[in-house]
Amino acid sequence: MKLKFIAAFLFVAVISSCSKVPLTGRSQLSLVDEGQMMTMAASSYSEYLKENPVVPTTNKDAQRVKRVGGQLIDAVTRFMNQNGYANQIANYKWEVNLIQNKELNAWCMPGGKMAVFTGILPVCKDDAGLATVMGHEIAHAIARHGSERMSQQLAAEAGAVAGGMVTANSHEATSIFNQLYGTGAPLLLLKYSRKQESEADHLGLIFMAMAGYNPNTAVDFWQRMSASATGQKPPEILSTHPSDQTRIDDIKRLIPEAMKYYNNPQQK
């Protein structure tokens with residue numbers, strides 16, 4: 001009886017807490033309030049800018065980052081407003097900054113707070129490469145991947161508690177459950193992370209196309225990114241990201257769809 005009750009509770013909680021990602025239509029778990037995520041992100045971003053060197057807007061690279069970012073933001077905002085998703089970005093406070101940092105990295109927080117590191121600019125090479133990176137990171141925010149990751153962690157923790165309750169009367173059962181759950185849950189979360197990365201690639205291609213950048217150039221960027229990698233990478237199944245070749249192959253497959261949005265007068 002206890003097992004059935006817990007299973008029913010978790011099933012109802014998950015089913016009633018799902019939303020859909022714009023464009024891809026994928027259902028995602030949403031146990032965390034997006035408004036709270038944006039509030040926390042804004043606070044963290046403010047602190048981050050105080051503690052890290054922001055490249056001044058008089059710098060040409062900083063100007064380029066803000067210009068390309070602005071074009072992407074304008075295109076994404078038009079799309080969201082024209083396709084019934086205006087409420088999802090109504091409280092966004094977009095901000096883009098170039099950070100002096102040698103790492104090959106960029107990110108976009110819930111609510112539109114973005115950072116691009118100077119270390120990734122040589123790999124970007126040009127505006128199209130920069131649009132590839134920034135479109136990908138904006139896609140993470142638009143798809144609410146931050147909230148989804150936190151929701152998945154909460155669900156995993158709830159599953160562990162439920163399993164512990166069900167097997168509490170049997171030491172052997174508890175041991176077996178812990179071994180299986182301790183191995184399976186992390187692998188499942190890694191799989192979800194790779195799915196989110198692939199989805200951000202998918203949406204990012206479309207967003208850069210909407211902003212007037214040829215999606216075909218994304219292949220060149222990710223090839224350069226792959227060539228710049230150092231050190232041994234883990235097998236794909238143990239990674240938060242798809243392998244370089246998987247990512248490039250998937251992008252090539254998605255380009256025809258993204259090209260439908262390229263130079264579309266309705267998106268200008």
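Start with helix α3, residues 60–82. The helix lies across β3 and β5 and runs at about 150° to β3. Contact here means heavy atoms within 4.5 Å. Axes are lines fitted to C-alpha atoms, for helices over the stretch in contact, and angles run from 0 to 180 degrees between N-to-C directions. Helices (H or I, at least four residues) and strands (E, at least two) are DSSP runs, numbered from the N terminus.

Before moving on: this is a predicted model, in which local features need pLDDT of at least 70, side-chain atom pairs count only at pLDDT 80 or more, and totals for chains, interfaces and linings use all residues. Residues are numbered from 1 along each chain as its sequence is written, and side-chain values use heavy atoms, with hydrogens and water left out.

**The sheet**

Select β3, residues 95–99. Four of its five residues are buried, so the strand is largely enclosed by the rest of the structure. Buried means under 20% relative accessible area, exposed over 50%, partly exposed in between (1.4 Å probe, protein chains only).

Two strands pair if DSSP finds at least two bridges between them. Pick Leu98: its bridge partner in β5 is Val116.

Now bring in β4. It pairs with β5 in the antiparallel sense, over three bridges. Cys108 has Met114 of β5 as its bridge partner.

Show the three strands together. They form an open sheet of mixed pairing, in the order β3-β5-β4. β3 and β4 (106–108) are the edge strands, each with a single partner, so one side of each has no neighbour in the sheet. From one strand to the next, the twist averages 10°.

Next, select helix α2, residues 34–51. This helix packs on the sheet and touches β3, β4 and β5, its direction making about 30° with that of β3.

**The core**

Centre on Val116. In the largest nonpolar core, of 55 residues, Val116 and Met134 touch the most other members. Such a core is a set of buried Ala, Val, Leu, Ile, Met, Phe, Trp, Tyr and Cys residues joined through side-chain atoms within 4.5 Å. Leaving aside residues up to four places away in sequence, Val116 touches residues including Val65, Asn97, Leu121, Leu130 and Met134.

**Last stop: His140**

Select His140 in helix α5, residues 127–142. His140 is buried, at 9% relative accessible area. Its side chain makes a polar contact of 2.8 Å with that of His145 (a pair of N or O atoms within 3.5 Å; within protein, one must be able to donate a hydrogen and the other to accept it, and residues adjacent in sequence count only if both atoms are side-chain atoms).
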